[in-house]
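Please consult the sequence and the model alongside the answers.

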Amino acid sequence: MGKLVIDGNSIYEIDEECVRKKEIQKEKQQKEKTNNKKNGKRRFISF
């Protein structure tokens, strides 16, 4: 069971496994950015 958050009359359940996966993914992206800066690589994203 995840964490429960009570906000007024609303109750939410936080999926802790999902939060951990997102944190790991964010850490990997930050490491990749720092590695790219060290190596002089840049990524260009077009919208």
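Q: What makes Y12 a residue of strand β2?
A: Strands are DSSP runs of E with at least two residues, helices are runs of H or I with at least four residues, and both are numbered from the N terminus. Y12 is found in strand β2, which covers residues 10-14. This is a predicted model, in which local features need pLDDT of at least 70, side-chain atom pairs count only at pLDDT 80 or more, and totals for chains, interfaces and linings use all residues. Residues are numbered from 1 along each chain as its sequence is written, and side-chain values use heavy atoms, with hydrogens and water left out.

Q: Why is Y12 called partly exposed?
A: Buried means under 20% relative accessible area, exposed means over 50%, and partly exposed is in between (1.4 Å probe, protein chains only). Y12 has a relative accessible area of 44%, so the residue counts as partly exposed.

Q: Which residues are in contact with Y12, leaving aside its neighbours within four places in sequence?
A: Contact means heavy atoms within 4.5 Å. With those neighbours left aside, Y12 is in contact with K3, L4, V5 and D7. As for G2, its C-alpha lies 9.5 Å from that of Y12, with the two residues ten apart in sequence.

Q: What makes β1 and β2 a pair of strands?
A: Two strands pair if DSSP finds at least two bridges between them. Five bridges join strand β1 (residues 3-7) to β2, and the two run antiparallel. Among the bridge partners in β2 are I14 for K3 and E13 for L4. The two strands form a hairpin with two residues between them, and G8 in the turn has a positive phi of about 65°.

Q: Why is β1 said to lie largely in the open?
A: The number of buried residues among the five of β1 is zero, so the strand lies largely in the open. For the chain of 47 residues, 4% count as buried.

Q: What makes V5, Y12, I14 and V19 a nonpolar surface patch?
A: Patches are made of residues with over 30% relative accessible area and no salt bridge; nonpolar side chains (Val, Leu, Ile, Met, Phe, Trp, Tyr) are joined within 5 Å, and like charges within 9 Å. V5, Y12, I14 and V19 make such a patch of about 300 Å², with areas from the Shrake-Rupley method and a 1.4 Å probe, where for residues only the protein chains shown count as cover.

Q: How do you know that E17 forms a salt bridge with K21?
A: A salt bridge is a side-chain nitrogen of Lys or Arg within 4 Å of a carboxyl oxygen of Asp or Glu. The closest N and O atoms of E17 and K21 are 3.5 Å apart, and the pair forms a salt bridge. A search of the whole structure finds one salt bridge. Both residues lie in helix α1, four residues apart, about one turn of the helix.

Q: Why do E17 and K21 receive their accessibility labels?
A: E17 counts as partly exposed because its relative accessibility is 47%. K21, at 53%, counts as exposed.

Q: What is the mean pLDDT of the chain?
A: pLDDT is the predictor's confidence in each residue, from 0 to 100. The chain has a mean of 85, and 83% of its residues reach 70 or more.
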